[in-house]
Amino acid sequence: MIRFKEALREAGILILVACALGLVYTSATEKGMFARSPRSKTAQRTDIPTPSMISRNEAKSLFDSGSAVFVDARHDIDFNLGHIQGALNVPLKDYDVKKSVLSGIPKDHLIIAYCDGSECNSSIELSVKLMKDGYKNVRIFFGGWREWVDANLPIERQP
Amino acid sequence: MKNLLDNPYLALLVRVFVGLLFVVSSLEKIVDPAAFAQSIANYKMVPEWLVSLAATILPWLELLCGFSVLFGALTRGSSFLLSAMLVVFTLAVIVALARGLDISCGCFTQDPTAGKIGWLKILQNATLIVLTLFLYFSNSESFTLLQLLQKSNPGSDQPH
């Protein structure tokens, strides 16, 4: 019991110090919960519309018609293991380096961004970056890789 | 069992291992709390405001507990907190697995390519829980900061 009381007292001290350090550091560096909201940044850029989401059926129709370019936002390791047939890879974390693979695509061409599936947000973030770079016709296939594979739709792997 | 809990060398070994592990793993989270917040949010278990708060405080708590265990100061409290955190993290991983979430752990690195959650992660956490509980129940005070201070100032604990 004495051991437990001692542990609680020490734990309380550690939690208080951690709270103080965490709040001071993140507010001083404007990181995490004190980061400027991306929403407010976007709000200043009223010329950028929000990309809309499409279902698997819509993605499949656009894939069949060949009227859209699929862009995979996942890491290149995941992309090489398997991706939607014909998709290009622009990993979100390397966007500035890898966006050159889209250089041959006209700015008004339909682009569909996707990532792992509904458990990731990379497709949303990628689509916003694409629209900021002037691509006017961007959609998000939020069901992503997982929905595509579950439906046994065409995929390919990097050799 | 009591011999093991009293063994100063075993306690030192566990303290160095657990301490360094949590110090190192906390640094990446401190530098990039947004990435850590995303890792927590991926579990879809806590509201957004709690995600931000956890991403702000937990890395610092891990860092403090890591240093605390490493130097043998406030060891009882830090090992208690580490055990509690590990139990919560492990439950989160189990629930996420049961719900079929295919996500990165976000435990010791924020690199999404470092590996998805799985039973191996639960085994790792279970091992760490055993080690932190060992520190909690250990009676060894050898090789600690307190002992070092007492050795360098042997008269300090004598009555005046």
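Helices (H or I, at least four residues) and strands (E, at least two) are taken here as DSSP runs, numbered from the N terminus. The structure is a predicted model, in which local features need pLDDT of at least 70 and side-chain atom pairs count only at pLDDT 80 or more, whereas totals for chains, interfaces and linings use all residues. Residues are numbered from 1 along each chain as its sequence is written, and chains are lettered from A and ligands numbered from 1 in the order in which they are written.

Chain A contains 7 helices and 7 strands, arranged from the N terminus in the order α-α-β-α-β-α-β-β-α-β-α-β-α-β. Chain B, by contrast, has 7 helices and 0 strands, so that its order is given by definition of these runs as α-α-α-α-α-α-α. A residue is counted as buried if 20 or more other C-beta atoms, placed from the backbone, lie within 10 Å of its own, as exposed if 12 or fewer do, and as partly exposed in between. On this basis, 31% of the 159 residues of chain A are buried, and 42% of the 160 residues of chain B are buried. Two residues are in contact if their C-beta atoms, placed from the backbone, lie within 7 Å. Among the contacts of chain A with a separation of 6 or more, 63% are between residues 24 or more positions apart; in chain B, 69% of the contacts between residues at least 6 apart in sequence join residues at least 24 apart.

The contact between the chains takes 25 residues from chain A and 26 residues from chain B. On the side of chain B that touches chain A, helix 3 (33-42), helix 4 and helix 5 each supply at least two residues, and helix 4 gives the most, with 10 residues. This side of chain B divides into 17 nonpolar, 7 polar and 2 charged residues, where Ala, Val, Leu, Ile, Met, Phe, Trp, Tyr, Cys and Pro count as nonpolar, Asp, Glu, Lys and Arg as charged, and the others, Gly among them, as polar.

A nonpolar core is a set of buried Ala, Val, Leu, Ile, Met, Phe, Trp, Tyr and Cys residues joined through C-beta atoms within 7 Å. The largest such core has 41 residues, of which A:Leu14, B:Ile40, B:Leu61 and B:Cys65 touch the most other members. Helix 1 (2-29) of chain A and, from chain B, helix 2 (8-31), helix 3, helix 4, helix 5 and helix 6 each supply at least two residues of this core, the largest share, 12 residues, coming from helix 4 of chain B. Leaving aside neighbours within four places in sequence, B:Leu61 is in contact with A:Leu14, A:Ile15, A:Ala18 and B:Leu81. Apart from this core lies another, of 26 residues, which includes A:Phe70, A:Ala73, A:Leu130 and A:Trp145.

Helix 3 of chain B is largely enclosed by the rest of the structure, because 8 of its 10 residues are buried; these are B:Pro33, B:Phe36, B:Ala37, B:Gln38, B:Ser39, B:Ile40, B:Ala41 and B:Asn42. The buried residues of helix 3 pack against helix 1 of chain A and against helix 2 and helix 4 of chain B.

Helix 4 (residues 48-71) and helix 5 (residues 75-98) of chain B pack at an angle of about 135°, with their axes 9 Å apart, the axes being lines fitted to C-alpha atoms, for helices over the stretch in contact, and the angles running from 0 to 180 degrees between N-to-C directions. Helix 4 of chain B is therefore oblique to helix 5 of chain B, since angles under 35 degrees count as roughly parallel, over 145 as roughly antiparallel, 65 to 115 as roughly perpendicular and the rest as oblique. B:Leu74, in the loop between helix 4 and helix 5 of chain B, has a phi near 55° and counts as buried, with 25 C-beta neighbours inside 10 Å. B:Phe143, in the loop between helix 6 and helix 7 of chain B, also has a phi near 55°, but is partly exposed, with 15 other C-beta atoms within 10 Å.
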